[in-house]
Amino acid sequence: MSRTLFKVPTRETGIDADKSVLDKIAKRKKSTSVVTGTPSTISGKIALARKLIESKLGHLRDKFVSITDEQQLIDYIDKAIQNGKCAIDTETASLDTIDGHIAGVCLYTKGMKPAYIPCGHISPMTLVRLKTQLDYDVITRELQRAEDNCVKWLLHNAKFDMHVCYWYLNVLISPFWDTNIAGNLLNENEPHSLKVLWNKYCKEDDDDAQAVKFNTLFEKGIDFRMIPLDLAYLYAAFDALMTWELYEFQEPFLTENNPVCIDMGLTRVSKLWHNIELPEITTVFDMEREGTCIDTKYAKELHDKYTKELTSAEKVVHLEISKVQHKIDRLAVDKPKMYSKLSNPINIGSPTQLAILLYDVLGLTSNDKNSPRGTGEEIILAMNHPIAKAIIAYRKVSKLLSTYIDAIPQQISKRTGKLHASFNQYGAKTGRFSSSDPNLQNIPSKNHDIRKMFIVPEGYVMVGSDYSQQEPRCLAYMSGDESLLDAYRTGKDLYALIASTLYKVPYDECLEFRPDGTKNEEGKKRRNSVKPVVLGIMYGRGSASIAEQMGVSKKEAERVIADFFKHYPKVAQFVMDTQQKARDYGFVETAMGRKRRLPDMQLDEIELTPQITASSNNFNPLFDDEEDDDDVDMNFVPDDIYYKYAAKMRKAWGRKQKDVVKQEALQEGYAIKDNGGKIADAERQCVNSVIQGSSADITKHAMNQLHRDEELKSLGYKLIITVHDEVIGMCPYENRHAVAKRVQQVMVSAAQQIIDVPMKCDVEISYKWYGEEVA
DNA sequence: ACTTGGGGCGCC
DNA sequence: AAAGGGCGCCCCAAGT
């Protein structure tokens with residue numbers, strides 16, 4: 001692998017260390033810890049950590065090792081190379097992998113003691129780096145030697161440690177396994193922290209080794225570099241051991257020809273793991289490492305502009321409030337409790353205060369039965385009160401300012417001057433990415449102001465590429481509906497085609513533009529009105545909701561939906577089959593075989609629990625003694641009773657009627673737990689998981705292909721952002737045309753390696769996100 | 001002082 | 001009768 005390293009990073013000596021640490025020292029004189037018993041001084045926290053570590057991990061003192069001798073490390077790496085595998089984990093001062101500090105590296109390979117190699121530890125008193133640790137250069141050299149000798153690195157949450165090794169030790173790690181992501185593939189419905197997984201799947205002895213969470217040993221915000229070396233290794237080395245053991249547990253499940261894998265029906269999942277998710281780790285790591293440029297000067301201008309807007313929006317609201325000051329005064333007398341919750345001036349950002357203002361002061365009513373005191377946009381605007389628009393305007397500006405304009409520049413790395421957001425590869429249970437710190441997947445798109453903050457370096461252009469109708473194409477493929485597939489194969493506009501069949505109007509009359517290029521408002525209307533139907537089916541929406549989206553009556557929507565299913569019968573079949581599969585097996589699968597387990601699909605409609613109360617019909621004083629419990633199944637429910645109430649609950653419409661049935665059952669001595677809601681939720685998730693998850697399969701595969709494409713590599717193309725059906729990269733200005741062409745080819749071919757439907761991909765070249773196109 | 005849950009809202 | 005899939009972040013209010 002010929003990935004270029006940057007120049008040797010500057011390393012902290014520790015002397016100029018964290019301002020936050022100094023702050024804490026300064027603060028400690030002021031703070032009192034008497035009340036809570038929680039130590040607030042550094043030395044107090046360390047003393048507590050010592051006590052806890054010694055009691056919980058003291059027995060590991062001789063089983064683990066702290067490496068501070070060069071030859072010892074060389075021997076360790078020799079063994080790792082000999083074994084061909086090594087678990088690695090890193091400890092850091094904070095969760096910041098770029099502007100923070102490393103504390104040490106944990107290693108484990110079979111035949112050796114789990115090891116901690118401290119390197120960034122400092123004296124809590126003087127903040128000077130401890131001299132008893134190996135030099136950074138030695139650790140870098142040895143890790144690089146292992147990497148060069150193709151050691152298969154086992155990690156948990158690999159991307160984090162890859163960043164740490166890269167930014168603080170200048171070593172690029174090639175991950176061989178990630179127990180976090182693998183864990184998600186094996187069961188997305190469980191917590192995936194290393195300790196929890198290890199305790200659940202690997203711990204052999206209840207009393208002996210017990211994985212202890214960081215938070216239980218260390219006070220919040222403690223800098224691991226200050227933990228003394230004789231303690232640090234007891235906690236840290238365990239992580240590498242746990243990662244190794246968890247890998248050994250997971251490996252058979254995700255190895256294609258292993259009987260365990262076959263028996264568990266994980267063959268396709270294992271392929272997904274090796275062919276997409278595992279390579280994706282490096283793809284995403286490199287993407288995050290590259291980061292995004294932010295136009296900070298422009299951000300400042302935006303700050304000024306929107307701050308002014310916020311102030312004026314606030315004024316408008318308060319002007320409206322001042323008009324009803326007399327009513328507020330009256331509230332002080334009528335409902336003092338309510339009044340006391342109001343600040344002066346009223347905080348528009350507080351839902352509580354806003355609700356009091358709208359419902360108690362102004363006496364307005366909500367149009368939403370489900371939230372009688374709601375303050376959401378729809379409810380407020382429906383009130384038709386002059387204050388409504390002002391509140392919404394204030395909210396809009398406030399959101400933009402606090403979530404984007406002000407927050408994003410703050411997260412720019414001091415070290416690189418770029419924004420290095422996180423892209424969480426298994427952020428969603430469907431397999432989709434999520435993004436955080438900051439979330440680059442919810443940057444406003446209609447308002448171009450914010451997106452224009454995202455720029456590229458001098459001499460570069462931004463290359464945005466997005467799949468056109470990715471999810472509907474997945475629906476066409478997964479359902480195998482010929483009419484739907486035909487629409488894409490003949491290159492027709494899907495929505496126009498659907499509108500044409502549903503409204504029995506010629507196809508050409510359902511397009512936004514006529515052949516001569518002029519706008520056809522009627523056509524646009526028809527086309528847009530069927531979008532909610534397709535989307536609704538993919539989201540598992542009901543007819544009422546679709547009707548609202550379409551702007552027609554519920555009846556009309558039902559007719560259109562029924563018509564849709566009539567014309568696209570395999571879509572209807574697909575929805576039913578998908579749900580039935582989930583009921584039978586407890587999961588659904590994407591195009592690549594990614595699983596979404598939906599255990600709620602296998603719930604009984606209702607659960608009956610016998611109520612042993614004096615008033616109930618089945619009360620029997622003889623069974624009231626606890627000794628009798630052994631022989632009697634206290635939860636026994638006759639079948640006929642179950643079916644009787646299941647049927648009654650099914651027929652009962654609305655909460656009121658259901659409550660009546662529940663009361664009736666209670667009289668007969670049974671408490672009903674209604675699972676109807678959970679099952680309905682799961683039913684909606686079935687189809688959506690398949691479509692959303694298959695789309696994720698495609699985008700992830702495309703990202704890997706783009707990342708590894710030799711032509712794109714030589715053209716200097718780099719990924720920087722992904723937003724579900726969209727991949728954003730950059731390249732040198734002069735290569736823009738070649739890159740655009742190639743990106744499109746790769747995106748389309750990647751999709752077609754997964755779904756057999758023609759795919760369309762639009763590529764745009766610009767200098768900034770949503771900037772004007774560059775020719 | 002810090003965490004948690006809810007409301008609200010930005011995106012696909 | 002009502003029925004919206006998947007996220008993360010902001011703020012507030014209440015709980016520890």
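Modeller: Start with Lys369. An N or O atom in the side chain of Lys369 is 2.2 Å from a phosphate oxygen of DNA strand C. This is a predicted model: local features need pLDDT of at least 70, side-chain atom pairs count only at pLDDT 80 or more, and totals for chains, interfaces and linings use all residues. Residues are numbered from 1 along each chain as its sequence is written, chains are lettered from A and ligands numbered from 1 in the order written, and side-chain values use heavy atoms, without hydrogens or water.

The Lys369 pair is a polar contact (a pair of N or O atoms within 3.5 Å; within protein, one must be able to donate a hydrogen and the other to accept it, and residues adjacent in sequence count only if both atoms are side-chain atoms). The side chain of Ser402 has an N or O atom 3.4 Å from a sugar or linking oxygen of DNA strand C.

Now widen the view. DNA strand C is surrounded by 36 residues, and the closest are Ser350, Lys369, Arg541, Arg684 and Gln685. A residue is near the strand if one of its heavy atoms lies within 4 Å of it.

Which elements supply it? At least two residues each come from α15, α17 (386-405), β9, α24 (543-550) and α29 (676-708). α29 gives the most, with four residues. Helices (H or I, at least four residues) and strands (E, at least two) are DSSP runs, numbered from the N terminus.

Pro345 sits in the loop between α14 (336-340) and α15 (351-361). The bond from Asn344 to Pro345 is cis, with omega near 0°. Pro438 lies in the loop between β9 (434-436) and α19 (448-451). The bond from Asp437 to Pro438 is cis as well, with omega near -5°. Most peptide bonds are trans.
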